[in-house]
Amino acid sequence: MTEREMLLKKIGTCKFAVTDIDMFLDTHPGDTEMLKKREEYIEQLKPLVEQYEEKFGPLTKCENDANTWAWVKDPWPWDMEG
Amino acid sequence: MFVYEKQLQYPVKIKNPNPALAKIIITQYGGPDGELGASIRYLSQRFAMPLPELKATLTDIGTEELNHLEMIGAIVYQLTRNLSEEDIKKAGFDAYFVDHTTGVAPVSSAGVPFDAFAVASKGDPVTDLHESLAADGKAM
């Protein structure tokens, strides 16, 4: 597994936890314990996303280098070679 | 509103092409119980929901299904990379290929184009939620 793949996997794992918690919160919006847990995963995500974007380009359109529109750069998510 | 994140929900990394398998998996993309139908179902039914919890749930689940749609598309795409004419014929992929080449198209395994009749949106929350539950059962 390359460093890029490893980072993406870690980010994906945290994001998946957040998504799952989100759906739980949709029907339990007052669950403070879950809200706290969600914050914890968001905190875990921040440095991982930062590290990834610095090395491998933006995951969302927010991150932008002033000289070039890095968003368009390959690889796109479906482009992985086996 | 939707914001794209440049990452699959779970990585797809396929080494060996397999058009015979792609022909089966494509149904999870655009077949009657596939991810396209699932996402459109939830994202359409949500407008008639009377409670905030239901609006939120259908919005988030519908969005989640779009993640799945993208992963299935990536699987089909990667299973049909670098095919020879012989690969295509031997796998029985020629019937798909003649219409779409290796483009990922919303069709079922039998080649039936995605049909919005697979999705119900009736404006009655109880009817729609029952249909959603039934649809989820069919997709298992």
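## Chain A at a glance

In chain A, residues 24 or more positions apart supply 50% of the contacts that have a separation of 6 or more. Keep in mind as you read that this is a predicted model. The secondary structure of chain A is quickly told: two helices and zero strands. With a radius of gyration of 15 Å, well over the 12 Å that the globule rule gives for 82 residues, chain A is more spread out than a compact globule.

The box that holds the C-alpha atoms of chain A, taken along the principal axes, is roughly 45 × 35 × 20 Å. Of the 82 residues in chain A, 33% are buried. Its accessible surface is about 5500 Å², and carbon and sulfur atoms account for 54% of that area.

B:Phe93 deserves a visit of its own. Leaving aside residues up to four places away in sequence, B:Phe93 touches B:Pro19, B:Ala22, B:Lys23, B:Thr80, B:Leu83, B:Ile88, B:Thr101 and B:Thr102.

To find B:Val104, look at the loop between helix 6 (94-100) and helix 7 (125-139) of chain B. B:Val104 has a relative accessibility of 31%, so this residue counts as partly exposed.

## Salt bridges within and between chains

Over all chains, a search of the whole structure finds nine salt bridges. One of them pairs A:Glu3 with A:Lys55, whose closest N and O atoms are 2.7 Å apart. This pair links distant parts of the chain, 52 residues apart: A:Glu3 sits in helix 1 (residues 3-27) of chain A and A:Lys55 in helix 2 (residues 32-56) of chain A. A:Glu3 is partly exposed, at 42% relative accessible area.

A salt bridge also forms between the side chains of A:Glu5 and B:Lys13, at 2.9 Å from N to O. The pair joins two chains, because A:Glu5 lies in helix 1 of chain A while B:Lys13 lies in the segment before helix 1 (19-25) of chain B. How accessible are the two partners? A:Glu5 counts as buried, with a relative accessibility of 14%, whereas B:Lys13 is partly exposed, with a relative accessible area of 41%.

Chain B has its own sequence-distant pair to look at. The side chains of B:Lys138 and B:Asp33 meet in a salt bridge with an N to O distance of 3.8 Å. B:Lys138 belongs to helix 7 of chain B, and B:Asp33 to the loop between helix 2 (27-30) and helix 3 (35-45) of chain B, so placed that the pair links distant parts of the chain, 105 residues apart. Both partners are partly exposed: the relative accessible area is 48% for B:Lys138 and 30% for B:Asp33.

Technical notes. Residues are numbered from 1 along each chain as its sequence is written. Chains are lettered from A and ligands numbered from 1 in the order in which they are written. This is a predicted model: local features need pLDDT of at least 70, side-chain atom pairs count only at pLDDT 80 or more; totals for chains, interfaces and linings use all residues. Side-chain values use heavy atoms; hydrogens and water are left out. Contact means heavy atoms within 4.5 Å. Helices (H or I, at least four residues) and strands (E, at least two) are DSSP runs, numbered from the N terminus. Buried means under 20% relative accessible area, exposed over 50%, partly exposed in between (1.4 Å probe, protein chains only). The radius of gyration is taken over C-alpha atoms; the globule rule is 2.2 Å times the number of residues to the power 0.38. Accessible areas come from the Shrake-Rupley method with a 1.4 Å probe; for residues, only the protein chains shown count as cover. A salt bridge is a side-chain nitrogen of Lys or Arg within 4 Å of a carboxyl oxygen of Asp or Glu.
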